[in-house]
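Visitor: I have a few questions about this one. Can we go through some helices and then the aromatic rings?

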Amino acid sequence: MTTPVCTSASAVAAPARQTRPYPSFSSYVRARQSVLLRTARSLTANPSDAEDLLQTALTKTYVAWERIEDHRALDGYVRRALLNTRTSQWRKRKVDEFVCDELPEPEPVLDGNDPAERQALHDAMWRAIGKLPARQRAMVVLRYYEDLSEAQTAEVLGVSVGTVKSAVSRALGKLREDPELGLVR
């Protein structure tokens, strides 16, 4: 007579040894470092900071390596360590503010490289040119914006070269006196 054997009960009596996909911490790091570095780079703007962040998270993972029961969830553990470390760094960031009589910033230098300043100057110039009489405005635009010579401007408008010279001179005088352009000088 044979006694029935329950296979499931015997499996419970002698639990199977859990197989670990990564036998050591160093094999895990070698296998997953590039993926984890991409995750760290998504958390910081600077690639060097991302490497430091990953190094810190891997250090925390190494310390807890023996306590981690399910090695199939290591990526999640490291990602959580990355996020927690980044959050801690952000919270520890200290910004000191001091009250002072003078502003520490130097005066802005208007060298024409600032796009906003160039646009403001461009807009102010066109508003000032728009205030000129039509004939002077046409001569200034042809002479300086279209880069025509005095003779070419005179030919286009059907006037003499002397008329172009005197009208442009008067127009430039009005532009110099324009209060809106006085701030730019």
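**Helices and ring pairs**

Guide: Fine. Keep in mind that this is a predicted model.

Visitor: Which residues of H5 are buried?

Guide: Ala124, Ala128 and Ile129. They cover an arc of only 135 degrees around the axis, so they sit on the same side of H5.

Visitor: And what does H5 reach from its first C-alpha to its last?

Guide: H5 covers residues 115-130, which is 16 residues, and reaches 22 Å, close to the 22 Å expected at 1.5 Å a residue.

Visitor: Now H6. How far apart are its end C-alpha atoms?

Guide: They are 15 Å apart. The twelve residues of H6 (134-145) should span 16 Å at 1.5 Å a residue, which agrees.

Visitor: Which residues are buried there, and what covers them?

Guide: Gln136, Met139, Val140 and Leu142 are buried in H6. The cover includes H5, helix H7 (150-157) and H8.

Visitor: What is the phi of Asp147, after H6?

Guide: The phi of Asp147 is positive, near 60 degrees.

Visitor: Switching to Thr163. Where is it?

Guide: Thr163 is in helix H8, residues 161-177. Its relative accessible area is 25%, so Thr163 is partly exposed.

Visitor: What does Thr163 touch?

Guide: Leaving aside residues up to four places away in sequence, Thr163 touches Arg135 and Met139. The C-alpha atoms of Thr163 and Met139 are separated by 9.8 Å, and the two residues are 24 apart along the chain. There is also a polar contact of 2.8 Å between the side chains of Thr163 and Ser160.

Visitor: OK, rings. How many aromatic pairs in the whole structure?

Guide: Four. One of them is Tyr28 with Trp65, a tilted pair at 6.1 Å centre to centre with 40 degrees between the planes. This pair links distant parts of the chain, 37 residues apart: Tyr28 is in helix H2 (25-43), and Trp65 is in the loop between helix H3 (47-63) and helix H4 (74-92).

Visitor: Are those two buried or exposed?

Guide: Tyr28 counts as buried at 0% relative accessibility, and Trp65 counts as buried at 6%. Ring pairs link both into a cluster with Phe25 and Tyr62.

Visitor: What about Trp126 and Tyr145?

Guide: Trp126 and Tyr145 also form a tilted pair, 4.6 Å centre to centre, with 35 degrees between the planes. Trp126 lies in H5 and Tyr145 in H6, so the pair ties together parts that are 19 residues apart in sequence. Trp126 is partly exposed at 34% relative accessibility, and Tyr145 is partly exposed at 38%.

Visitor: Last one: what lies over the face of Tyr144?

Guide: Arg143, at 5.5 Å from the ring centre.

Notes: Residues numbered from 1 in each chain as written. Predicted model: local features only at pLDDT ≥ 70, side-chain atom pairs only at ≥ 80, totals over all residues. Heavy atoms only, no water. Helix = DSSP H or I, 4+ residues; strand = E, 2+ residues; numbered from the N terminus. Expected span 1.5 Å × (residues − 1). Buried < 20%, exposed > 50% of the residue type's maximum accessible area, 1.4 Å probe, protein only. Arc of directions from axis to C-beta. Contact = heavy atoms within 4.5 Å. Polar contact = N/O pair within 3.5 Å; in protein donor to acceptor, adjacent residues only side chain to side chain. Phe/Tyr/Trp six-rings, centres within 6.5 Å; stacked < 30°, edge-to-face > 60°. Lys NZ or Arg CZ within 6 Å of the ring centre and 35° of its normal.
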